[in-house]
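Take a moment to look over the structure below.

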Amino acid sequence: MSGVVSAMTGPRRDPAVADRLSRRRRRMNRLVKGLCTGATLVGLVFLGLILGTLLWLGFGGLHWSVFTEATKPPGSHGGLLNAIVGSLIQTLIGTAVGTPVGIMVGTYLSEYAAGTRLGDAVRFVSDVLLSAPSILIGLFVYQVLVSPFGAFSGIAGGLALAVIVVPIVVRTTEDMLRLIPVELREAAVALGAPKWKSIVLVCYPAARDGIATGVLLAVARIAGETAPLLFTSLGNLNWSISLTRPMSSLPVTIYQYAGSAFEDWVQLAWVGALLITLGVLALNIVARVLLRPRR
Amino acid sequence: MSQSLSGGELKQARPLVRPLVRSSRSSSWGDAVFAGLAKTAGLLVLVLLGAIIASLFIGGWPSFRAFGLSFLVTADWDPVQDMFGGAVPIYGTLVTAVLAIVMAVPLAFGIAFYLTELAPGWFRRPVGTAIELLAAVPSIIYGMWGFYMIVPFMAEWVQPPLIDALGDIPVLGALFAGPPFGTGIFTAALILAVMILPFIASTMRDVFLTVPAVFKESAYGVGCTTWEVMRSIVVPYTRVSVVGGIMLGLGRALGETMAVTFVIGNTNRLSTSLFGPGNTIASIVALEFPESQAGSLKLSSLLALGFVLFVISFVVLACSRMLLQPGRKA
């Protein structure tokens, strides 16, 4: 049958050839689909491996003493209290300083500088800073705040983190303010509100969830940052909450402990790693849930 | 004609609107203050960038002056004789980042393809979120995990067979020579690949979603398979943004510090082998900076390396942003 058709109409109309071609195309399709599903599995497996390792090695060392004792010399059952408190303080400083600046920059980009050259430049630079190597921000703060004053300090660490917060908050604030319908602004203006009041009293509340998401993501990012703290707050194995002295933090303590030769320090490093990862992932998930109804 | 008419109407309308909007003197004053604050904050971002570049350049100036441009191509790192060159860390930075891209891009493409075309609808959000959570895991965790899990795995299962199988081939063998320590350039690149995977994958997914459904439906209508639609419609339509997403990943990989420091072996030796130890700009800065005297030529050389890293990543990230311009992503 197929031979007859082939003789009459040539190979392009030959069902056997067409069948082969179609089968090859479908095989290719199945192969690529399989590979892509495999790629996704690889990604998920990596996440699972990391979380599994942390739970496996970190959970065993989780005692109350981790939260009630400061770091101590190897062999004397210390905890991570000073590291946890130091991380909280520096993250708080970073968020408290970076958030208002970021919101103002985002407001400027969305409400005042749309379409202007200066606005484009600011947006461009902010986006580049968003992905800039964080260790360089540490070097920068060292040059500006640590080296001139001759001392590593908690405040320098907090400010280094603030530099990281700003572009994250800028991005979400601008995006969220742009989503606000023009009618809402017009309604405010029609009531006689000046522009700043329409922004502060109408736009900010309307964009509240989105901006909060940005802040949460920023907190999650800086809570795990190590590199910018190495040359600014340095880390401190003694209890200290003085802002003008070297301050401990979870990531830096993990860095110091993980590379050490003492078994109990490595164990504490795993506990710290577990705590910080769970905290950061929880913040991320909360941020996503917060944003969900808006999209 | 009609323009002048509407212009006349506007002029007439203005006095009616004005008293409402400028109801009080204090509100226009408030406007000026708020606008001023916003603009100051905007300028602050520009100043910040300028200050970062300036502080690194000024800090690195003694080193640039002492060694000139040869700083970029000499491999010495000798604190005793005060001879410093950045060739090894610059080479390590570029090689690990490029290798990471080579490993991450196919995986990221697969994930993006799966999430946009293959996964059932209810499945897309949780899987997408899980992949994005990979980006949220702090760098130090990748470092520790890599050091305790991946390094032994590489030393036991990956490097010995590859060295045995490929190490004796004349040219290619140089890439796979040396003892299987588990650490080294390849391990660092592998961890970097996992770290940048979510950035590239989610950018690709987002730009794939911008392809108008009509284009894809037309292709399906003439009998294309899913893969053919992807290859002939989606990828050509989005290729500029896809390259932008890859550049974003590259920019991230160049500056990663903690993860690399744990696994790269930290040796200032130019190694042709992928399994050989090396360092990157970020890792040498993280390790050597705390041991450097203030005002020393070594400290200055580290700051100079920081300046080089900033320039490289700025160029890469700027390219990425320009390519991604139309469909910007948070």
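Contact here means heavy atoms within 4.5 Å. By that rule, 79 residues of chain A and 85 residues of chain B take part in the contact between them. Keep in mind that this is a predicted model.

How much area do chain A and chain B bury between them? The figure is about 7400 Å². Carbon and sulfur atoms account for 79% of it.

Now turn to the polar links. Between chain A and chain B there are three salt bridges. Arg25(A) and Glu228(B) form a salt bridge, with their closest N and O atoms 2.7 Å apart. The interface of chain A and chain B also holds 11 residue pairs in polar contact, counted with both residues at pLDDT 80 or more.

Which helix gives the largest share of the side of chain A that touches chain B? That is helix α2 of chain A, residues 15-58, which supplies 19 residues. Sorted by class, the side of chain A that touches chain B has 54 nonpolar residues, 14 polar ones and 11 charged ones.

Next, look within chain A. Helix α4 spans residues 81-112, and helix α7 spans residues 154-179. Their axes come within 5 Å and cross at roughly 35°. The crossing of α4(A) with α7(A) is right-handed. Their contact draws on 15 nonpolar, 14 polar and three charged residues.

Stay with helix α7 of chain A. Both Glu174(A) and Arg171(A) lie in this helix. They are three residues apart, about one turn of the helix. Glu174(A) and Arg171(A) form a salt bridge, and their closest N and O atoms are 2.6 Å apart.

How many salt bridges are there over all chains? The count comes to 18.

Definitions and conventions
Residues are numbered from 1 along each chain as its sequence is written. Chains are lettered from A and ligands numbered from 1 in the order in which they are written. This is a predicted model: local features need pLDDT of at least 70, side-chain atom pairs count only at pLDDT 80 or more; totals for chains, interfaces and linings use all residues. Side-chain values use heavy atoms; hydrogens and water are left out. Buried area is the accessible area (1.4 Å probe) that two parts lose on being put together, summed over both. A salt bridge is a side-chain nitrogen of Lys or Arg within 4 Å of a carboxyl oxygen of Asp or Glu. A polar contact is a pair of N or O atoms within 3.5 Å; within protein, one must be able to donate a hydrogen and the other to accept it, and residues adjacent in sequence count only if both atoms are side-chain atoms. Helices (H or I, at least four residues) and strands (E, at least two) are DSSP runs, numbered from the N terminus. Ala, Val, Leu, Ile, Met, Phe, Trp, Tyr, Cys and Pro count as nonpolar, Asp, Glu, Lys and Arg as charged, and the others, Gly among them, as polar. Axes are lines fitted to C-alpha atoms, for helices over the stretch in contact, and angles run from 0 to 180 degrees between N-to-C directions. A crossing is left-handed if the near helix is turned anticlockwise from the far one by less than a right angle, and right-handed if clockwise.
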